[in-house]
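User: Hello! I am new to this structure and would like to understand the words used for it. Could you show it to me and then take my questions?

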Amino acid sequence: MRFLFDKNTWQEIFGSIGKNKTRTIITVIGVLWGIFIYIVLAGASKGLDNGFERNFETVAKNSIWTWSQSTSMPYAGYKTGRRLSLKVQDATTLQNRIPEIQYIAPVNTKGVFGGEAALGVRGLKSNSYPVYGYFPVIAKMATQKIYDNGRFINEEDEEQARKVCVIGERTQQELFDKDEDPIGGYIRLDGIYFQVVGVHKFTQTTPFGTDGDVYIPFSTFKKLYNTGDNAQYFTIAAYDDADVVQVEKDIKAVLKSIHRVHPDDERAFGAFNLGEVFNRIMGFANGLTFVSLIVGLATILAGVIGIGNILLISVKERTKELGIRRALGATPREVRSLIILESVFLTMIAGIVGIIMGAGVLNLINNLTQDNDFPYTNPTVPIPLVIGALLVMVILGTLIGLIPAQRAVSIKPIDALREE
């Protein structure tokens, strides 16, 4: 250990490096570039992972939206092109037949998928807003951020078909005065008065939401727009450990059975599977991390081998010097330690500089992506992985250093002194 803190040891190491500055710098860049690539790619994949986690934090990641369309195949006496319609009772059937479904909620809308939105009026102010008929269970699948003093639709609202609503931020801004508390106030939706019980902060909990959406109880929507037992679509959340791709297939199979649709008809029911999309994104991020690890290690290994070659050349150039050392009493262990320490030192310096550069690039990327809609947040590499990478570099530096170190030890003093 005293060898490490010996001033002469470090003078010799720096002297050796100084004799081949250009060659040493070029070789060290190989190691630096390897750790730099690893840090940047691994951090980038983590930033992508964090970005999608943030974007989907308010909605169940195993969410599926499904809706009815038209048949494309004749079946059981029905012609092609039959227009289908989901029923509220279909939701109960689906939950009973598919145990992987955790929550399911029928939804009706006005002004979301075409058609006129509802006319919202308060005093002399008015505008058109999309309206959603929701069951309270929707809040368990998509977190509803409600401003202070407000609330979301509850079970009593649904059971009693209350004329209450939760409005969006834009709706509040356009229908209420700036300092006015909307909670408890009234607005008219298509001529019917509704009491405002909450204001929701806009978050992308569905693929088609806006900051002007108005939520009312499903039962109230049914009475207001005379929709009967029809549902425009179902919002479904599967359990976390469920195979969402298989759940989607099961949902469509059950719906085909209920509505007497040909089992091979792929156009009768549509679906958007957020779980499948999320899994693909996470797979891409994990793949990017794996690629960064492989590329980084390969580049680091190539750089470390380059350092070994530099030290072999250095040992050959210092044959006479090392021979004199041996003649003056230097032990093989001291000579070997000197060469290995030089190898590890160069590797560590390259690694630390590469990590600093990589962290700087990740910080720059983070600053450039903070104020846009791209799903990218906080690109970082966990400290244990960074420490692990440094340890790998130290181990590789030590192993590679053994080759020139053994070459140095094998030099006989008498042979070294004869060299010119």
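Analyst: The protein has 13 helices and 13 strands. Helices (H or I, at least four residues) and strands (E, at least two) are DSSP runs, numbered from the N terminus. This is a predicted model, in which local features need pLDDT of at least 70 and side-chain atom pairs count only at pLDDT 80 or more, while totals for chains, interfaces and linings use all residues. Residues are numbered from 1 along each chain as its sequence is written, and side-chain values use heavy atoms, with hydrogens and water left out.

User: Thanks! Why is L94 called buried?

Analyst: Buried means under 20% relative accessible area, exposed means over 50%, and partly exposed is in between (1.4 Å probe, protein chains only). L94 has a relative accessible area of 0%, so it counts as buried. Its place is in helix α3 (residues 88-97). Across the protein, buried residues make up 45% of the 420 residues.

User: What makes a residue a contact of L94?

Analyst: Contact means heavy atoms within 4.5 Å. Not counting residues up to four places away in sequence, L94 touches I101, I104, F234, I251, V254 and L255. L94 and I258 are 164 residues apart in sequence, with their C-alpha atoms 9.7 Å apart in space. For the protein as a whole, among contacts between residues at least 6 apart in sequence, 78% join residues at least 24 apart.

User: What makes R170 and E174 a salt bridge, and where do they lie?

Analyst: Their side chains are 3.5 Å apart, N to O, and the limit is 4 Å, so the pair qualifies. Both residues lie in helix α6 (residues 169-175), four residues apart, about one turn of the helix. R170 is partly exposed at 25%, and E174 is partly exposed at 29%. Elsewhere, salt bridges that share partners join R151, E156, D157 and R162 into one network. One of the salt bridges is between E156 and R162, at 3.1 Å, N to O. A search of the whole structure finds 11 salt bridges.

User: Why is the link between E248 and N273 called a polar contact?

Analyst: A polar contact is a pair of N or O atoms within 3.5 Å; within protein, one must be able to donate a hydrogen and the other to accept it, and residues adjacent in sequence count only if both atoms are side-chain atoms. The side chains of E248 and N273 are joined at 2.9 Å, so the distance is within the limit. E248 lies in helix α8 (residues 244-258) and is buried because its relative accessibility is 13%. Leaving aside neighbours within four places in sequence, E248 is in contact with I64, A271, N273 and E276.

User: What makes F290, V291, I294 and V295 a patch?

Analyst: Patches are made of residues with over 30% relative accessible area and no salt bridge; like charges are joined within 9 Å, and nonpolar side chains (Val, Leu, Ile, Met, Phe, Trp, Tyr) within 5 Å. V291 has a relative accessible area of 41%, so it is partly exposed, and V291 is found in helix α9 (residues 274-317). Together the four residues form a nonpolar patch on the surface, with about 340 Å² of accessible area. Such areas come from the Shrake-Rupley method with a 1.4 Å probe; for residues, only the protein chains shown count as cover.

User: One last thing: what makes the phi of A76 worth a remark?

Analyst: Most residues other than glycine have a negative phi. A76 is not a glycine, yet its phi is positive, about 50 degrees. A76 is found in the loop between β1 (63-68) and β2 (86-87). D190 also has a positive phi, near 50 degrees, and lies in the loop between β8 (186-189) and β9 (192-200).
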